[in-house]
Amino acid sequence: MPELLYFTMDSADTPWLCSEIQIPLIVKKWTEIKDELISVLKARNKEIKLYMLKGIELYFSLLFWSNNVPVRLSEWQKHVEFLVCKSVNVEERLSFILKKCNSYPAYIQLSELFIEQQKHFAKKIAIEKYKQK
């Protein structure tokens, strides 16, 4: 994760500050993982947890970077609480996903959070561009 390099090695790489460029890349990666997840779910393969964890990682990046801040996994609920651009009840929903990450309902919830967060981010960008006029 770029955050690890940023905080430990004083890296200048700050993708969360380039969210308009980075968010589409995250969504593209999610689409690829989502396709694999669907196959794994249909086959009832035990690898679902691995793919779900990749998806969860991407969602955390999407959520935090949509707010132009680095991902903070330590006490993430406290950090998410103060984010402006986020879905309703995201803390509870993410907690559910993390607890039941090898289940179909968790996959559905994660998919919905991705869709909702993309909408919130698009709204945020539209408002920012409108204010610049």
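I count two residues as in contact when heavy atoms lie within 4.5 Å. The model is predicted, so I keep that in mind throughout.

**Entry 1: helix α6**

I started with α6, residues 104–132. What does α6 pack against? Its buried residues pack against α2 (19–42), α3 (48–66) and α5 (90–99). I listed the buried positions next. They are Ala 106, Tyr 107, Leu 110, Ser 111, Leu 113, Phe 114, Gln 117, Phe 121, Lys 124 and Ile 125. I noted that Lys 124 and Gln 117 are in that list.

Then I checked the length. At 1.5 Å a residue, the 29 residues of α6 should span 42 Å. The end C-alpha atoms are 43 Å apart, which agrees.

**Entry 2: helix α3**

I ran the length check on α3 as well. Its 19 residues should span 27 Å at 1.5 Å a residue, and its end C-alpha atoms are 26 Å apart, which agrees. How many residues of α3 are buried? The count is 14 of the 19, so α3 is largely enclosed by the rest of the structure.

I also looked at what follows the helix. Just after α3, Asn 68 takes a positive phi of about 60°.

**Entry 3: the core**

I turned to the largest nonpolar core, which has 35 residues. Which members touch the most others? They are Met 52 and Tyr 59. I then asked where the core residues come from. Helices α2, α3, α4 (76–81), α5 and α6 each supply at least two. Helix α3 gives the most, with eleven residues. As background, nonpolar side chains tend to be buried together in soluble globular proteins.

**Entry 4: salt bridges**

I searched the whole structure and found four salt bridges. Lys 129 lies in helix α6 and Glu 20 in helix α2, so the pair ties together parts that are 109 residues apart in sequence. Lys 129 counts as partly exposed, at 46% relative accessibility. Glu 20 is also partly exposed, with a relative accessible area of 46%.

Next came Glu 116 and Arg 93, whose side chains form a salt bridge at 2.9 Å, N to O. This pair links distant parts of the chain: Glu 116 is in helix α6 and Arg 93 in helix α5, 23 residues apart. Are the two partners buried or partly exposed? Glu 116 is partly exposed at 23% relative accessibility. Arg 93 is buried at 16%.

**Entry 5: Glu 91**

I gave Glu 91 its own entry. It sits in helix α5. Its side chain meets that of Lys 86 in a salt bridge of 3.3 Å, N to O. The two side chains also make a polar contact, at 3.3 Å. Why does Glu 91 count as buried? Buried means under 20% relative accessible area, and Glu 91 is at 18%, so it qualifies. Lys 86 is buried too, at 18% relative accessibility.

I then listed the contacts of Glu 91, leaving aside neighbours within four places in sequence. They are Trp 76, Gln 77, Val 80, Glu 81 and Lys 86.

**Entry 6: aromatic pairs**

I counted five aromatic pairs. In the pair of Tyr 59 and Phe 114, the ring centres are 5.4 Å apart and the planes are at 70°, so the pair is edge-to-face. Tyr 59 lies in helix α3 and Phe 114 in helix α6, 55 residues apart. Both are buried.

The rings of Phe 60 and Trp 76 gave 5.4 Å between centres and 75° between planes, so that pair is edge-to-face. It links Phe 60 in helix α3 with Trp 76 in helix α4, 16 residues apart. Both residues are buried.

Which residues do ring pairs link into a cluster? They are Trp 30, Tyr 59 and Phe 114.

Key
Residues numbered from 1 in each chain as written. Predicted model: local features only at pLDDT ≥ 70, side-chain atom pairs only at ≥ 80, totals over all residues. Heavy atoms only, no water. Helix = DSSP H or I, 4+ residues; strand = E, 2+ residues; numbered from the N terminus. Expected span 1.5 Å × (residues − 1). Buried < 20%, exposed > 50% of the residue type's maximum accessible area, 1.4 Å probe, protein only. Core = buried A, V, L, I, M, F, W, Y, C linked by side-chain atoms within 4.5 Å. Polar contact = N/O pair within 3.5 Å; in protein donor to acceptor, adjacent residues only side chain to side chain. Phe/Tyr/Trp six-rings, centres within 6.5 Å; stacked < 30°, edge-to-face > 60°.
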